[in-house]
Amino acid sequence: MNRDVIRTKIKTFLGKFFGEKGVESLGDDDNFFELGFVNSLFAMQLITFIESEFDVTIDVAELNMDNFNTLHKIVDTIDKKISQR
């Protein structure tokens, strides 16, 4: 799976969540947590989506906000996990 496919799937997931919050668009490097629209429940939903959609396991040591606070970083994290298979 290439980065564009990963990005599209994550952006679709985020669009559903942020669309409910009235956010019309997000840049690849917009920090979701700094925008104040997300909470720990969102973080858990995001991790669950990533693990099921991309068949990867996010280890406890990887549950660092720096890996998941922007679209760009999420794609990097997933791409890295897929390449380690």
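Helices are DSSP runs of H or I of at least four residues, numbered from the N terminus. The structure described here is a predicted model, in which local features need pLDDT of at least 70, side-chain atom pairs count only at pLDDT 80 or more, and totals for chains, interfaces and linings use all residues. Residues are numbered from 1 along each chain as its sequence is written, and side-chain values use heavy atoms, with hydrogens and water left out.

The N-terminal end of α1 is capped by asparagine 2, which places a side-chain oxygen 2.9 Å from the backbone nitrogen of aspartate 4. After α1 comes glycine 22, with a positive phi near 85°.

Ile6, Ile10, Phe13, Leu14, Phe17 and Phe18 are the buried residues of α1, where buried means under 20% relative accessible area and exposed over 50%, with partly exposed in between (1.4 Å probe, protein chains only). These buried residues pack against α2 (32-35), α3 and α4, contact being heavy atoms within 4.5 Å.

Helices α3 and α4 also meet one another. Two packed helices are described by the angle between their axes and the distance between the axes. For α3 and α4 the angle is about 40° and the axes lie 12 Å apart; axes are lines fitted to C-alpha atoms over the stretch in contact, and angles run from 0 to 180 degrees between N-to-C directions. On the α3 side, Leu46, Ile50 and Phe54 meet Ile74, Ile78 and Ile82 of α4. Sorted by class, this contact has six nonpolar residues, no polar and no charged ones.

The loop between α3 (40-54) and α4 (71-83) holds aspartate 55, and asparagine 69 lies in that loop too. Aspartate 55 is exposed because its relative accessible area is 61%, and this residue has a positive phi of about 50° although it is not a glycine. Most residues other than glycine have a negative phi. Asparagine 69, by contrast, is buried because its relative accessible area is 6%. Leaving aside neighbours within four places in sequence, asparagine 69 is in contact with Asp30, Asn31, Phe32 and Phe33.

Finally, serine 40 sits in helix α3 and counts as exposed because its relative accessibility is 59%.

Conventions. Helices (H or I, at least four residues) and strands (E, at least two) are DSSP runs, numbered from the N terminus. Ala, Val, Leu, Ile, Met, Phe, Trp, Tyr, Cys and Pro count as nonpolar, Asp, Glu, Lys and Arg as charged, and the others, Gly among them, as polar. A polar contact is a pair of N or O atoms within 3.5 Å; within protein, one must be able to donate a hydrogen and the other to accept it, and residues adjacent in sequence count only if both atoms are side-chain atoms.
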